Amino acid sequence: MITIAAWNVCGLNSVCHKHAVGQLVRDKNIQFLGLLETRVRLGNVQSIRSRLLPSWSWFEDYSGPRGRIWLAWNTLEVDVEVLTVEEQFIHCNLINKRKHTNCLISVVYGDCDSIRRRQLWGGLQTLSEGITDVPWCVLGDFNAVIDSSESCGRIAKTNNAMAEFREFITESALVHLPFTGCPYTWHNCSEGSRSMWRRLDRVLVNEVWLVKWPHSSYLSASPSTSDHSPLILLGPERSLEQSIFRFWKINARRAKQRVYQISNSAGDILTESDQVVAEFLSFFQSLLGGPRHRRTLNFDFLQPHLKHTFTIEEANELLLPVIQEEIKEAFFNISEDSAPGPDRYTSAFFKAAWPEIGTVNSVRTIKATLAEFAKMSGLHVNPSKSTIILSKAVQRERQAILELMGFQEGSLPIKYLGMPLIASRLTVADCQPLLDRIRGFQHCWRRTESLSSIYGLKQAFRSWNTRFDEVIRGYDFIKNKHDPCVYKKISGSSVAYLVLYVDDTLLIGNDIKVLH
């Protein structure tokens with residue numbers, strides 16, 4: 001995979017800004033570069049090109065103010081075909097000349113206004129509908145955050161904008177690529193209470209990208225001359241031929257959990273995978289196997305490198321007990337289609353039912369629902385065979401809930417026929433109780449010769465069905481001419497249907513007395 005970068009340079013007119021861009025290209029061996037917010041007048045474009053990267057090819061969009069997005073690429077390594085040009089993004093096909101492979105790149109510079117950013121979300125989502133089998137990367141300055149954790153310092157209320165950004169990512173089937181470096185990519189260059197840090201710049205990829213380059217990541221580098229961090233996309237050359245849909249979640253999880261670099265005791269940054277593993281082993285072997293000792297750490301040396309430190313008031317707020325309103329606020333910030341737990345209910349369900357969640361009232365509602373179901377179907381809950389599983393959050397109401405339902409308290413995992421009902425693959429140990437029961441019955445099956453006479457003959461099923469037909473007709477049921485397993489009974493305004501399946505029956509009607 002070639003090295004790709006995007007950077008909101010906050011202007012290219014000054015000498016120091018041009019030097020910073022050239023230094024980035026040389027140091028990181030970049031072959032494709034997206035430059036945002038160049039602030040270069042159209043008449044000065046050729047002069048900036050010739051000074052910056054004279055041997056490269058360029059594409060600039062001047063449909064908006066002062067060249068919002070520029071593209072540059074090394075023609076010795078790559079070819080670029082510009083496919084779509086919008087005010088807030090440029091979409092292109094990137095071809096690796098040496099490997100004869102291609103991928104789609106969308107360089108983004110989102111508008112500062114959340115209303116106008118909707119055009120960006122809509123345009124990229126429309127593109128995603130036509131991209132099914134090609135690696136696709138969307139990177140740049142989105143001018144948006146997905147939640148409050150991506151902001152530090154003075155925070156503006158932008159819940160709707162964050163929700164729209166999250167919805168775009170979900171609907172476009174994109175995922176965040178893991179990164180190293182600066183967690184906040186933009187700073188407003190202010191101090192004190194007006195200081196703000198945001199993660200406005202990021203790299204998103206589709207599932208095909210992760211399948212082809214499952215270990216790819218990007219570096220969020222130091223801002224240098226800009227107030228934004230440059231993004232440098234890196235990844236191994238090796239591609240994997242795997243089924244996209246089968247390995248999509250696995251690759252996404254591996255990419256998020258992978259450690260891409262580590263610092264050793266000498267302060268050196270190690271990036272090779274074998275070096276990272278060796279440093280991990282060395283550190284924990286020394287920590288766990290060496291002599292125990294204590295020492296007081298002085299963190300004053302970190303002070304010059306910290307971008308934001310907590311005030312005394314902020315530190316005290318972290319020590320306050322968590323209240324119900326804070327839990328609700330955090331929960332309601334979850335996307336509508338996100339599942340907060342293994343039960344697979346989305347947050348939309350819990351938001352709608354929030355007044356009933358975690359209280360005895362919710363249990364009363366469940367009990368009333370079961371009673372209504374029993375009234376309509378005739379199927380009643382058997383308390384001796386039913387259990388209720390309680391979380392630690394409701395331990396104070398545990399006894400009241402158990403007395404209300406009349407069930408025994410159960411525990412996870414739930415078992416059926418002696419085996420746990422789990423989402424992962426069952427092991428031999430999980431299946432052993434069922435296997436033991438089957439082996440126990442084998443001795444009985446061998447000794448019971450009557451089984452073959454009852455179940456081993458076709459006449460047995462025919463005789464049973466004939467006898468059933470005789471009995472059910474005695475209750476004034478009439479067999480359906482088109483389906484012999486369906487019977488109907490009419491008594492005045494009452495109608496009842498009986499459906500037979502092997503040796504199971506379903507009885508439905510509009511009069512409960514007739515059904516009884």
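I began with E60, whose side chain makes a polar contact with the side chain of R49 at 2.7 Å. By polar contact I mean a pair of N or O atoms within 3.5 Å; within protein, one must be able to donate a hydrogen and the other to accept it, and residues adjacent in sequence count only if both atoms are side-chain atoms.

Ground rules: this is a predicted model, where local features need pLDDT of at least 70 and side-chain atom pairs count only at pLDDT 80 or more, while totals for chains, interfaces and linings use all residues. Numbering runs from 1 along each chain as its sequence is written, and side-chain values use heavy atoms, with hydrogens and water left out.

E60 sits in strand β3, residues 57-61 (strands are DSSP runs of E, at least two residues; helices are H or I, at least four; both are numbered from the N terminus). Is E60 buried or exposed? I get 17% relative accessibility, so E60 counts as buried (under 20% relative accessible area; exposed is over 50%, partly exposed in between; 1.4 Å probe, protein chains only). Leaving out residues up to four places away in sequence, I find E60 touching V45, R49, I69 and W70 (contact: heavy atoms within 4.5 Å).

Next I checked α1, residues 15-28. Its buried residues include H17, K18 and L24, and their cover includes β1, β2, α2 and β16. Just after α1, N29 has a positive phi of about 50 degrees.

Last, L434 in helix α13, residues 428-447. L434 is partly exposed at 23% relative accessible area. Beyond its neighbours within four places in sequence, L434 contacts L417 and M419.

Terms used: Expected span 1.5 Å × (residues − 1).
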